Amino acid sequence: MRLAVTGREGQVALSLIEAARGREDVEVVAVGRPALDLARPETVFPALAAARPDIVVSAAAYTNVDQAEDEKELAFTVNATGAGKVAEAAAGLGVPVIHLSTDYVFDGAKDGAYVVTDATAPLGVYGASKLAGEKAVAAANPRHLILRTAWVYSPFGKNFVKTMLRLASDRDEISVVADQWGNPTSALDIADAILHAAATFDRDKAFDAFGVYHLVGTGETNWSGFARHIMEASQALGGPHASVRDIATTDYPTKAKRPPNSRLSSVKFKDVLQWRAPPWRASVEAVASRLVGVATKPTMSA
Ligand SMILES: NC(=O)C1=CN([C@@H]2O[C@H](COP(=O)(O)OP(=O)(O)OC[C@H]3O[C@@H](n4cnc5c(N)ncnc54)[C@H](OP(=O)(O)O)[C@@H]3O)[C@@H](O)[C@H]2O)C=CC1
Ligand SMILES: Cc1cn([C@H]2C[C@H](O)[C@@H](COP(=O)(O)OP(=O)(O)O[C@H]3O[C@@H](C)C(=O)[C@@H](O)[C@H]3O)O2)c(=O)[nH]c1=O
Ligand SMILES: [Mg+2]
């Protein structure tokens, strides 16, 4: 089975490439700029067709939440129009699409974890553009899995774990918001979940449970709790450490408004697709061991 994933350097794309590397039964081809540019819709079909995929994974996106407030048009072009083009190309090639979406489609007013049937109400441009992308994907290709995930980190790209480790190496204390709740999710786990889902509908041609799913790390916390566990994991590995001070969202002004509660329930994914992510703390430790190792391990040469 061959997967084509959009975006070449994204966290999910690189995690998928790594997960497939050790497997005979799956190949992952990353298709990104300049060949596939979501801001140039005419590039999408030819670039994906050339990869001859059995399944398309739509992971490329405009992901800068604050900057999206100032670049609304570009965010919608990439996350809505571009995502729709990717799903349309998959349909044209006769294959299903797994499209990544976000917890930020919700406003965070719910008391409890969001299920897939809950009403969406994004607070910012990024969330609104991703919600428009979900609709474009669903309209373009009936064989879609819209996979909402959240708070993604990995050994790759830019993410909260890397930011916290960097800040810890030059500060004694980091102030982090403690009133926004959610589910930290490792892109390495997302890659496993995607390969599991892809294998399911590659094997079962009559698979008919397409639709919206939530898939996040097991358990929940707030950004401060997430930061604190990153520090514990790093310290245990001999890496940098800082103490974490709880602050309120009002003490950390940002351009975009974020949901106070964006916890997602992965129960549908578990029930239908029979797969569940590891506890979020274990996954943080797995990623930290790679990031901290890189900085502290002596090289074999020299
Ligand atoms: N990061 C997170 O916390 C979360 C992410 N998601 C969603 O999951 C998916 C994967 O996220 P993640 O891997 O973290 O993303 P990253 O921010 O790590 O990577 C985004 C990728 O999109 C590519 N991209 C951006 N603009 C374009 C464009 N115009 N044309 C082609 N490619 C483009 C980038 O390309 P380049 O390498 O050239 O810059 C990059 O490869 C996204 O859909 C995101 O919305 C959902 C919840 C949380
Ligand atoms: C760096 C830093 C952030 N924060 C806060 C800001 C914010 O509320 C929270 C997380 O910061 P980030 O900039 O990583 O957050 P953000 O970019 O909003 O992360 C989001 O990205 C998009 C793509 C998604 O889809 C979401 O699921 C989510 O992961 O922590 C602090 O309180 N202290 C700090 O030192
Ligand atoms: Mg392989």
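This is a predicted model: local features need pLDDT of at least 70, side-chain atom pairs count only at pLDDT 80 or more; totals for chains, interfaces and linings use all residues.

Student: What does alanine 87 touch, leaving out residues up to four places away in sequence?

Tutor: Alanine 87 touches Ser58, Val97, His99, Ala136, Val137, Ala140, Asn141 and His144. As for valine 57, it is 30 residues from alanine 87 in sequence, and the two C-alpha atoms are 9.1 Å apart in space.

Student: And arginine 52, why does it get its label, buried or exposed?

Tutor: Arginine 52 has 11 other C-beta atoms within 10 Å. Exposed means 12 or fewer, so arginine 52 is exposed. Arginine 52 sits in the loop between H2 and strand S3 (55-58).

Student: What makes the phi of arginine 52 worth a remark?

Tutor: Phi is near 45° there, a positive value in a residue other than glycine. Tryptophan 151 also has a phi near 45°, again positive in a residue other than glycine.

Student: How do you know whether tryptophan 151 is buried or exposed?

Tutor: Count its neighbours: tryptophan 151 has 23 C-beta neighbours inside 10 Å. Tryptophan 151 is in the loop between strand S5 (144-149) and strand S6 (152-153).

Student: What about aspartate 37? Why does it get the label it has?

Tutor: Aspartate 37 has 16 C-beta neighbours inside 10 Å. Buried needs 20 or more and exposed needs 12 or fewer, so aspartate 37 falls in between and counts as partly exposed. Aspartate 37 lies in the loop between strand S2 (27-31) and helix H2 (44-50). From aspartate 37 to phenylalanine 156 is 119 residues in sequence and 21 Å in space, C-alpha to C-alpha.

Student: Which residue in the loop between S2 and H2 is a proline?

Tutor: Proline 34 lies in that loop. The peptide bond from arginine 33 to proline 34 is cis, with omega near 5°.

Student: Now the helices. How do you describe the way H1 and H6 pack?

Tutor: Two packed helices are described by the angle between their axes and the distance between the axes. For H1 and H6, the axes come within 8 Å and cross at roughly 65°. H1 passes H6 in a right-handed crossing. On the H1 side the contact uses Gln11, Val12, Ser15, Leu16 and Ala19, and on the H6 side Ala187, Leu188, Ile190, Ala191, Asp192, Ile194 and Leu195. By class, that gives nine nonpolar, two polar and one charged.

Student: At what angle do H5 and H7 pack?

Tutor: H5 and helix H7 (residues 223-236) pack at about 65°, with their axes 10 Å apart. This crossing is right-handed. Phe160, Val161, Met164, Leu165 and Ala168 in H5 meet Phe226, Ala227, Ile230, Met231 and Ser234 in H7. Nine of the contact residues are nonpolar, one is polar and none is charged.

Student: Which residues have the most contacts inside the largest nonpolar core?

Tutor: Leu16, Ile194 and Ile230 do, in a core of 92 residues. Helix H6 (residues 187-203) gives the most to this core, with ten residues. Away from its neighbours within four places in sequence, leucine 16 is in contact with Leu3, Val5, Val28, Val57, Ala191 and Ile194.

Student: Last, the ligands. What makes up the shell around ligand 1?

Tutor: The shell around ligand 1 has 14 nonpolar, eight polar and five charged residues. There are 27 residues in total, and the closest are Gly7, Glu9, Gly10, Ala61 and Val152. H1 provides the largest share, three residues.

Student: And which residues are closest to ligand 2?

Tutor: Thr63, Thr102, Val176, Val177 and Trp223 are the closest of the 18 residues that surround ligand 2. S7 supplies the largest share of this shell, four residues. Eleven residues of the shell are nonpolar, five polar and two charged.

Key: Residues are numbered from 1 along each chain as its sequence is written. Chains are lettered from A and ligands numbered from 1 in the order in which they are written. A residue is near a molecule or strand if its C-beta atom, placed from the backbone, lies within 6 Å of it. Helices (H or I, at least four residues) and strands (E, at least two) are DSSP runs, numbered from the N terminus. Ala, Val, Leu, Ile, Met, Phe, Trp, Tyr, Cys and Pro count as nonpolar, Asp, Glu, Lys and Arg as charged, and the others, Gly among them, as polar. A nonpolar core is a set of buried Ala, Val, Leu, Ile, Met, Phe, Trp, Tyr and Cys residues joined through C-beta atoms within 7 Å. Two residues are in contact if their C-beta atoms, placed from the backbone, lie within 7 Å. Axes are lines fitted to C-alpha atoms, for helices over the stretch in contact, and angles run from 0 to 180 degrees between N-to-C directions. A crossing is left-handed if the near helix is turned anticlockwise from the far one by less than a right angle, and right-handed if clockwise.
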